[in-house]
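Please keep the sequence and the structure in view while reading.

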Amino acid sequence: RMLKRQMACRGDIHRLNAPLLAIYESLIPPEEERTKQKQLLALLEKLVCREWPKAQLFLYGSCANSFGVSKSDIDVCLAFNEDINDKSEILLKLADILQSDNLQNVQALTHARVPIVKLKDPATGISCDICINNVLAVVNTKLLRDYAKIDVRLRQLAFIVKHWAKSRGVNETYRGTLSSYAYVLMCIHFLQQCRPAILPCLQGMEKTYNVMVDDIECAYFDKVEQLSNFGSPNKETVAQLVWGFFNYWAYGHDYANSVISVRTGSIISKQEKDWTRRVGNDRHLICIEDPFEISHDLGRVVDKFSIRVLREEFERAADVIQYDPNPCVKLFAPYVH
Ligand code: CTP
Ligand code: MG
């Protein structure tokens with residue numbers, strides 16, 4: 001494996017650049033989708049405000065972190081200034097309010113891991129999930145969005161990786177593979193550790209943004225417009241980075257000992273986090289530290305079966321890019337495990 005890792009990328013890799021960029025471009029949501037999302041958010045704000053004048057609505061997830069592809073659902077957080085003990089009660093009330101305003105398929109899922117109300121807006125055709133007081137998600141959404149502003153190659157790489165993961169059936173947390181959020185963190189980590197680095201470690205810099213969420217301090221450098229030349233010493237193209245990403249996860253990452261950490265901009269040891277053995281359902285077979293909830297391993301959903309699927313898919317992707325005559329088709333060939 002290590003031998004393979006040393007291997008240089010195929011000489012004609014630059015030929016993949018234009019087709020990969022074309023795929024990226026085709027996934028970007030058109031401006032009219034943004035407009036429709038704002039329209040729906042405004043409607044929800046109007047309805048919520050009547051019942052809870054002090055509550056606020058925030059977009060989070062892919063519709064707000066700039067990693068959303070065309071036709072994604074939107075994630076909304078209804079934030080109250082106080083702790084809510086009984087979210088079910090609020091969600092049922094919310095479902096009631098929305099139902100009576102012509103929204104379709106309104107459903108309160110009060111027993112889900114993250115309890116939500118789901119709905120579909122007939123005017124815009126957009127589906128939406130509303131959760132309560134999930135402020136950490138709103139803050140980590142801002143962190144991802146800020147990273148994306150530094151170097152366009154992050155957004156390009158992450159779109160391609162997410163598209164690959166959805167095509168290959170490895171973006172399904174309920175089946176033991178990884179969330180989109182985890183894949184974006186893997187991309188950020190990869191661009192932090194390459195040399196010269198393409199991304200800085202924002203949480204290791206002067207703290208220009210600082211909020212407390214419960215007892216977690218979320219602080220980092222968010223004046224990212226000052227960093228727009230940060231990645232320019234590194235001239236690698238998207239094709240090289242996509243190859244590098246899959247090669248890293250196929251042959252370069254030390255699954256036995258390493259935790260990737262966007263918070264520190266580097267690798268930390270499983271030992272240090274005490275993530276060396278299974279505790280309850282957390283097996284720590286691939287370790288991705290959440291940037292703010294640092295006790296949270298986003299790889300905890302991965303089990304001994306799905307880790308094999310994941311690693312085989314990383315190897316397949318690296319090998320397809322390295323050897324296949326038509327890698328842009330092969331890479332995204334639909335597959336169900
Ligand atoms: N999130 C989180 N912790 C997780 C998973 C998700 O905090 N373990 C939050 C993040 O703010 C993330 C949002 O929930 O941005 C949505 O997660 P996910 O559905 O994985 O990502 P999306 O960016 O919405 O991707 P997709 O386009 O696949 O919907
Ligand atoms: Mg989402």
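Which element gives the largest share of the shell around ligand 1? The largest share, 4 residues, comes from helix 5, where helices (H or I, at least four residues) and strands (E, at least two) are DSSP runs numbered from the N terminus. This is a predicted model, in which local features need pLDDT of at least 70 and side-chain atom pairs count only at pLDDT 80 or more, while totals for chains, interfaces and linings use all residues. Residues are numbered from 1 along each chain as its sequence is written, and chains are lettered from A and ligands numbered from 1 in the order in which they are written.

**Ligand shell**

Ligand 1 is surrounded by 16 residues, of which the closest are Gly61, Ser62, Ala137, Ser179 and Ser180; a residue counts as near if its C-beta atom, placed from the backbone, lies within 6 Å of the molecule. Helix 5 (135-150) and helix 7 are the elements that give two or more residues to this shell. By class, the shell holds 6 nonpolar, 9 polar and 1 charged residues, with Ala, Val, Leu, Ile, Met, Phe, Trp, Tyr, Cys and Pro counted as nonpolar, Asp, Glu, Lys and Arg as charged, and the others, Gly among them, as polar. Both domain 1 and domain 2 supply at least three residues each to the shell around ligand 1.

**Domains**

The domain assignment gives domain 1 (2-27 + 151-330) and domain 2 (31-136), with bounds that come from an automatic or database domain assignment. Their C-alpha centres lie 29 Å apart, and the contact takes 11 residues from domain 1 and 7 residues from domain 2, two residues being in contact if their C-beta atoms, placed from the backbone, lie within 7 Å. On the side of domain 1 that touches domain 2, helix 6 (152-167) and helix 7 (180-193) each supply at least two residues, and helix 6 gives the most, with 4 residues. The residues of that side of domain 1 divide into 7 nonpolar, 1 polar and 3 charged.

**Helix packing**

| Pair | Axis approach | Crossing angle |
|---|---|---|
| helix 8 (238-252) and helix 10 (306-323) | within 8 Å | roughly 140° |
| helix 2 (17-27) and helix 8 | within 8 Å | roughly 85° |

The angle of roughly 140° between helix 8 and helix 10 makes helix 8 oblique to helix 10. Residues in this contact include Trp243 and Phe246 of helix 8 and Phe314 and Ile321 of helix 10, and by class it has 10 nonpolar, 1 polar and 1 charged residues.

**Backbone details**

Most residues other than glycine have a negative phi, and most peptide bonds are trans. Arg195 and Pro196, however, are joined by a cis peptide bond with omega about -10°, and Pro196 lies in the loop between helix 7 and strand 6 (209-213). Lys71, a residue other than glycine, has a positive phi near 65° and is found in the loop between strand 1 (56-60) and strand 2 (74-79).

Note on methods: Axes are lines fitted to C-alpha atoms, for helices over the stretch in contact, and angles run from 0 to 180 degrees between N-to-C directions. Angles under 35 degrees count as roughly parallel, over 145 as roughly antiparallel, 65 to 115 as roughly perpendicular and the rest as oblique.
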